[in-house]
Amino acid sequence: MSSLISTDLVGLDEDLGGTSTDVIRALAARVAASGRAGSADSLADDAIKREASVGTGVPGGIAIPHARSASVTEPTLAFSRLARTVGFGAPDGDADIVFMIAVPEGADGDHMTVLSTLARALIRDDFTAALRAAKTPADIVQLVDDEVSGEVAETRGATAASASGATSASSSAAAATGDGARRPKLVGVTACPTGIAHTFMAADALVAAAKRLGADLQIEPQGSGTVTPLDPAVIAEADAVIFAVDVDVRDQGRFAGKPVVRGPVKRGVDAPDAMVKEALAAAKDPNAARVGGTAGAAGAAAGSTAEKQGFGSSLKRWLLTGVSYMIPFVAGGGLLLALGFLLSGYEIAGNAATVLTDYSLVNLPPEGLIYFLGAAAFQIGNLSMGFLVAALAGYIAYAIADRPGIAPGFVAGAVAVFMGAGFIGGLVGGLLAGFAAYWIGKPDVPRWLRGLMPVVIIPLLASIFASGLLVLVLGGPIAALTVALTDFLNGLSGTGAIVLGVILGLMMCIDLGGPVNKVAYSFAVAGLSAGSISDNPAPLMIMAAVMGAGMVPPLAMALASTVLYRKGFSQVERSNGTAAWLLGASFISEGAIPFAAADPLRVIPASMVGGAVTGAISMAAGVTSQAPHGGIFVFFAIGNLGMWALAIVAGTVVSAFVLVLLKKFVRRGAAAGADASAEAAEAGSVVGQRSPVAA
């Protein structure tokens with residue numbers, strides 16, 4: 001696999017800058033210059049976003065920034081041995097050895113295996129020592145080629161396994177200590193968002209730690225390649241489970257009932273001994289946290305309640321899971337509704353069902369084919385929107401109790417609609433159904449009953465509990481609250497509407513896809529099903545304000561960097577600004593992230609000012625949007641399109657001018673080292689979170 005790296009991708013004892021962002025951009029440029037990536041900026045942005053979610057520094061002065069990127073044309077490694085060390089988030093200090101792994105979106109399994117093999121080698125002292133001792137770029141290329149082709153003799157202890165298969169601390173699951181005593185048996189899963197590096201490094205680090213501590217550990221790395229599941233017999237014999245993951249564990253129900261230790265995948269690399277010790281202690285503790293669900297179910301993805309994670313973070317995850325699954329119903333349904341209005345006029349809202357019942361393609365209504373197609377589009381969209389609350393509730397319950405929670409969650413959502421409780425009732429119903437399904441599935445039951453639990457008993461009892469509470473107790477008060485909230489929003493006018501627009505605009509721009517942004521966006525999307533141009537326009541106005549404000553940051557960055565103040569931005573930033581025009585027009589707030597990463601203390605305030613202006617104008621003008629996504633490309637779903645465009649232009653211009661003024665008169669040094677805090681910005685919510693509207 002020598003094609004992965006060549007001498008032109010290697011740099012020795014070089015200074016690439018003082019931050020991880022500088023190093024990543026330099027290595028991305030190196031990859032692009034070699035012809036292996038179409039855009040250095042695009043690759044760098046993808047790697048920087050990945051870096052912000054979990055730092056790629058590992059103990060021993062090593063960093064492995066990596067990313068899947070559409071700009072990469074073939075799997076590639078770029079290497080630098082730094083003359084000036086740079087922080088990548090490792091617990092023991094800065095890194096002097098940096099490998100950048102660049103992978104195309106559709107990288108094949110063989111290349112993924114090779115890349116994961118290299119990642120595992122980087123936690124071995126002999127390999128990293130050889131990298132530091134190399135005299136020429138050719139030496140580095142040879143070391144990598146030998147490692148990934150298996151030509152270097154190495155001592156892996158008992159960690160031999162395929163890069164995508166199970167990793168074991170013992171060649172025999174029945175290994176015993178020298179005195180014949182049974183060795184503790186552990187199993188685990190490692191998984192990171194990209195499934196390239198940390199997944200496999202954590203697996204090997206944990207296995208090595210278990211060996212040092214006298215335990216047998218078998219790990220299932222759930223990486224990007226083919227995953228070899230752990231043998232069910234091995235899981236059954238295990239005393240405890242280790243989950244070192246940043247994403248959901250696939251088929252978690254296999255481990256149901258086992259004592260569990262959870263942590264991010266990076267902890268598996270940085271502190272493997274501590275995780276193994278905690279697992280060994282949990283195996284002996286009858287009160288230890290356990291994997292939720294039943295062995296016959298697909299595991300409680302959120303066994304988080306039982307596993308003692310913070311309730312606040314768990315609640316946020318449950319609600320956002322529901323919203324993320326709900327959005328496709330809203331996106332498709334909302335656009336179809338808008339298309340129906342475009343083709344047939346607003347009166348089709350009351351006539352669509354009759355038109356489709358009385359007429360057909362061979363018996364068109366008097367208004368003609370276009371009118372008939374508009375009725376069809378409206379009716380399909382209306383039916384799609386009808387799933388909104390049920391989908392929200394169903395997938396909130398799914399996030400809490402996995403598959404056994406889906407049916408009671410959907411039923412609770414349908415009951416909420418029946419009771420007039422709206423999306424608030426859906427939120428409550430989903431939580432009730434999820435908790436009920438989780439707790440009903442928690443006790444051990446006889447083997448003969450386990451098969452019935454997830455398909456009959458849990459859905460039945462959880463539906464009775466959650467939906468019964470809504471019908472008999474909670475539905476009425478929540479419906480009254482919903483009516484009061486609707487009346488309040490519909491009653492907003494003048495100053496009240498403007499203030500709401502300002503608040504929504506600020507929330508959309510404060511963290512560019514982080515938690516605050518998601519709250520505003522989720523609030524807008526959740527209300528769409530109750531919106532109506534004639535009877536209840538307030539939710540549609542909120543959606544328009546949120547979408548318009550979310551478009552401002554990338555458009556403002558584009559205007560400032562390519563038109564107003566080109567000399568105040570680097571060549572890379574000007575290139576990013578060119579791309580940001582389209583991203584902003586599409587309502588993809590990520591177009592502003594590269595600017596915020598490099599200069600957060602000036603970009604974020606400027607974005608917030610512009611977002612507030614757009615939100616205020618949009619609400620004051622009564623602009624409506626029946627689509628939750630799409631930017632200018634869903635113009636036909638926008639009511640009062642001219643004022644919406646004016647609001648976006650005004651916010652963009654204001655934001656761009658504020659940014660230019662800040663760049664001219666507020667030096668970075670005066671901003672308490674904002675430059676040096678690019679690393680901190682990446683670690684926060686600005687860079688690490690995806691925009692809720694980005695695909």
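Okay, a salt bridge here is a side-chain nitrogen of Lys or Arg within 4 Å of a carboxyl oxygen of Asp or Glu. With that rule, this structure has 14 salt bridges. Before I go on, the bookkeeping: this is a predicted model, where local features need pLDDT of at least 70 and side-chain atom pairs count only at pLDDT 80 or more, while totals for chains, interfaces and linings use all residues. Residues are numbered from 1 along each chain as its sequence is written, and side-chain values use heavy atoms, with hydrogens and water left out.

R25 pairs with D45, and their closest N and O atoms are 3.0 Å apart. R25 is in helix α1 (residues 20-33) and D45 in helix α2 (residues 40-53), so this bridge ties together parts 20 residues apart in sequence. Helices, by the way, are DSSP runs of H or I with at least four residues, strands are runs of E with at least two, and both are numbered from the N terminus. D45 counts as buried, at 15% relative accessibility; buried means under 20% relative accessible area, exposed over 50%, and partly exposed in between, using a 1.4 Å probe and protein chains only.

Next up, E220 and R254, with closest N and O atoms 2.9 Å apart. This one links distant parts of the chain: E220 is in strand β9 (residues 216-221), and R254 is 34 residues away in the loop between β10 (240-245) and β11 (260-263). E220 is buried at 2%, whereas R254 is partly exposed at 21%. There's also a network, with R183, K185 and D216 joined by salt bridges that share partners.

On to rings. Rings of Phe, Tyr and Trp (its six-membered ring) pair if their centres lie within 6.5 Å; planes under 30 degrees apart are stacked, over 60 edge-to-face, and the rest tilted. How many aromatic pairs does that rule give? Eight. Take W318 and F435: centres 5.3 Å apart, planes at 85°, so edge-to-face. That pair reaches across 117 residues, from W318 in helix α10 to F435 in helix α15 (residues 422-440). W318 is buried, with a relative accessible area of 0%, but F435 is partly exposed at 23%. Y395 and Y398 are edge-to-face too, since their centres are 6.0 Å apart and their planes at 80°. They sit three residues apart in helix α13 (residues 388-401), so about one helical turn separates them.

Now helix α6, residues 198-212. Its 15 residues reach 21 Å from first C-alpha to last, close to the 21 Å expected at 1.5 Å a residue, where the expected span is 1.5 Å times one less than the number of residues. Is α6 mostly covered or mostly open? Mostly covered, with 12 of its 15 residues buried, including F200, M201 and L206. After α6 comes G214, with a positive phi near 75°.

Most residues other than glycine have a negative phi. D13, though, has a positive phi near 50°, and D13 is in strand β1 (residues 10-14). N640 is another non-glycine with a positive phi, about 65°, found in the loop between β13 (638-639) and α24 (641-665).
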